[in-house]
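Subject: Structure handover

Hello,

Here is the structure I promised to pass on. Please open it alongside this note.

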Amino acid sequence: MNLFFEESGDFKAGSVMSQAGEAYQVELASGKRSKIKAKDVLLQFASPDPSTLIEQAKAAAAEIDLEFLWEVAGQEEFGFAELGTEYYGHAPQPVEAAGLIFALHTAPVYFYKKGRGRYKAAPEASLKAALAGIEKKKQQLLVQASYVEDLKQHRLPEAMKPLALQLLFKPDKNSIEYKALAEACDVMQTSAQRLMLAVGGISSPKDLHLAKFHFENFPKGVAFPAIQVPALPTDLPVADVQAFSIDDVTTTEIDDAFSVVDLGEGKLRVGIHIAAPALGIQRGDAIDLIARGRMSTVYMPGDKITMLPDELVNTYTLGAGQTRPAVSLYATINTEDWSVLATETKVEAIPMASNLRHNDLDDLVTEDNLANDAGDYPHKSEIAHIWKWALELEKGRMAKRESFGMKPEQTNRVDFNFYVEDDVVSIVRRKRGAPLDKMVAELMIFANSTWGKLMADHGIPGIYRAQGVAGGRGQGGWAGRMQVRMLTHASPHQGLGVDQYAWSTSPLRRYTDLVNQWQIIACVQHGITAPLVATFKPKDADLFAIVSGFDAAYSAYADFQNNMERYWCLRWLQQEAARQVDAVVLKDEILRLVDIPLVIRLPGMPQTARGAQVKLDILRWDEVDLSVEARLLEVLNTVTELGDDEDGDDANALQSDTDQTEAAEADQAIILDAVDAVDADPADADATAVDAEDATQQDQQNVTQENT
């Protein structure tokens, strides 16, 4: 006797070897023996043999008309043998019965299984819906196949053109477009990004990087909604000064300026004037929501995404020939020893005499010319006074920094400015610590420290940056000291050498500075009652949310700028046909090119002293994943002096698991904690202050120009 039975969801046939009660010992055609319970047996038959039965039953199942079988079945539950009698017109033979079971089991759209050998016909409405779904699926598969074929021929299907970016960065993985793209990538052994570039869905690697950033950080686009620009205040006293700014040629958001007035008797009054959009923007209004949503201006070579709409920036920027509202910090200076005799903060209107530009002055305002009173340039006398005071400010900071147990700052590094016009990039070397840089940096540090103390003295919270053991995150030693965090109370910034440090000098470009400006204005206008009327009261939980949101956004923006600067470094290699280049060893296998700030990993690099210069052969690079391949040609005799802050942290910025992370640019580990670092304006930064956290995440902006 032979049995046809169900086992583990499959149908099998075998010969009975023995029977014990309700169990059979069955031998299959393969020779395998199984113990089968009687309840799992569907048929007993003598012929044909088991293997022939299975073969003939499957053939019989293929010939069964499922539509007719469904009609015959009716709407009541049935056993397969009962249906077989109705369908065949006689009691089904073993092959017919087994074939019927195969047909019923493999047609779940038509028949629902209710038990061993028992089924129920699907309701007519359900059957029609299921059949329609199957037909739709077939049509979709045909369309998907046509999409795949088009992609393989480097043609982008019309239906996929408006979805190109979404398919890459936020795909619906159930869509036929995504499935076609994934299938084509598998067949062609490529990535979705490279295939989309090849078929024209994205025009260039630059657009690819931009689109990815927009999708992740500006999903609704970068355009501003229509706004009502607040009117400039008309009741502010006009300061008796002629202020001037110092910025890169591409700077458009001019939010800091200076003035110098000779008071006689060896005294000067130096004014630090910061644009005051906080007078027009109110917490919670439409413009505030825009600024808080963005948190900062985003910079990249050749472009930027501003924090505030152009209409508002143009209204409050400190443009030459205009009188604009400002928060001014005046310092009375004794010119005998350049000590600060007194400070005063005012909210007023500032007449702007000039907007000076680095491109025009850098070659004139040199240390030699300042020492010898040589050269001819605007505001020469004021600049000379500011220079002397800046040197004293720096000396005081260095003493304070060393009192914290830190080494003196290194000022022998070279920074780089990126300029892009018509997709042609210029990368300009610029020595850190140039006079104009130092003047702006020192005065901005002075203002941020002074205003930080002002808020603390008045008992109102602000957004501070702290560095040192107290500001660390539970780590001791150097790692703990170098951790920088944002706090809502005053705390020392040991790297800068100040007792407190609150970003306050870039309110047009950074939301933290706008928040602090509201608080500073409350101190000026309300004095000891400031805690009662300040925009943010003590223990305001919303201030912590701002700090958290700013950290996340600022880090993402800095990563993006790093990637875009790396992209333009690779474009520079192509543009200059640079193949053999000089590089300096940062650490182990990590090197940085001499002419551009491109950091690469060279696996297998022989042990070479830090600072040694080598000659490399650039083999290839990839503008999509931003990777570079090179080989060592020779070790040169030249040694580049690297600052203490240009050490292993540079190299650690490159994570070993992906070349993409090289774009984080190991150089950034010594980037400054700059007041206007996010400007990417080297003159508008704390140009000598080490801030390790920003070095690895954000203040890369400090070594590039603020772009138009």
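How are helix 3 and helix 4 oriented to each other? Before the answer, one caution: this is a predicted model.

**Helix 3 and helix 4**

Helix 3 covers residues 80–88, and helix 4 covers residues 94–105. Their axes lie 10 Å apart and form an angle of about 105°. Angles of 65 to 115 degrees count as roughly perpendicular, so helix 3 and helix 4 are roughly perpendicular to each other. On the helix 3 side, the contact uses Phe80, Leu83, Gly84 and Tyr88. Helix 4 answers with Glu96, Ala97, Leu100, Ile101 and Leu104. By class, that contact holds 7 nonpolar, 1 polar and 1 charged residues.

**Helix 1 and helix 4**

Helix 4 also packs with helix 1, residues 50–63. Here the axes are 7 Å apart, at an angle of about 60°. Helix 1 and helix 4 are therefore oblique to each other. Their crossing is right-handed. Helix 1 brings Leu53, Ile54, Gln56, Ala57, Lys58, Ala60 and Ala61. From helix 4 come Pro94, Val95, Ala98, Gly99, Phe102 and Ala103. The class count for this contact is 10 nonpolar, 2 polar and 1 charged residues.

**Helix 14 and helix 15**

Residues of helix 14 in the contact include Ile383, Trp387, Ala390, Leu391, Glu394 and Arg397. Among their partners in helix 15 are Pro435, Lys438, Met439, Glu442 and Phe446. By class, the contact has 12 nonpolar, no polar and 4 charged residues.

Take a look at Lys438, which sits in helix 15. Is Lys438 buried or exposed? Its relative accessible area is 12%. Buried means under 20%, so Lys438 is buried. Leaving aside residues up to four places away in sequence, Lys438 touches Trp387, Ala390, Leu391, Glu394 and Gly433.

**Cysteines**

How many disulfides does the count give? It comes to 0 disulfides, by the rule used here. Cys523 counts as buried, at 4% relative accessibility. Cys569 is buried too, with a relative accessible area of 1%.

Best wishes

Methods: Residues numbered from 1 in each chain as written. Predicted model: local features only at pLDDT ≥ 70, side-chain atom pairs only at ≥ 80, totals over all residues. Heavy atoms only, no water. Contact = heavy atoms within 4.5 Å. Helix = DSSP H or I, 4+ residues; strand = E, 2+ residues; numbered from the N terminus. Nonpolar A, V, L, I, M, F, W, Y, C, P; charged D, E, K, R; others polar. Disulfide = S-S within 2.5 Å. Buried < 20%, exposed > 50% of the residue type's maximum accessible area, 1.4 Å probe, protein only. Axes fitted to C-alpha atoms, helices over the stretch in contact; angles between N-to-C directions. Parallel < 35°, antiparallel > 145°, perpendicular 65-115°, else oblique. Left-handed = near helix turned anticlockwise from the far one by under 90°.
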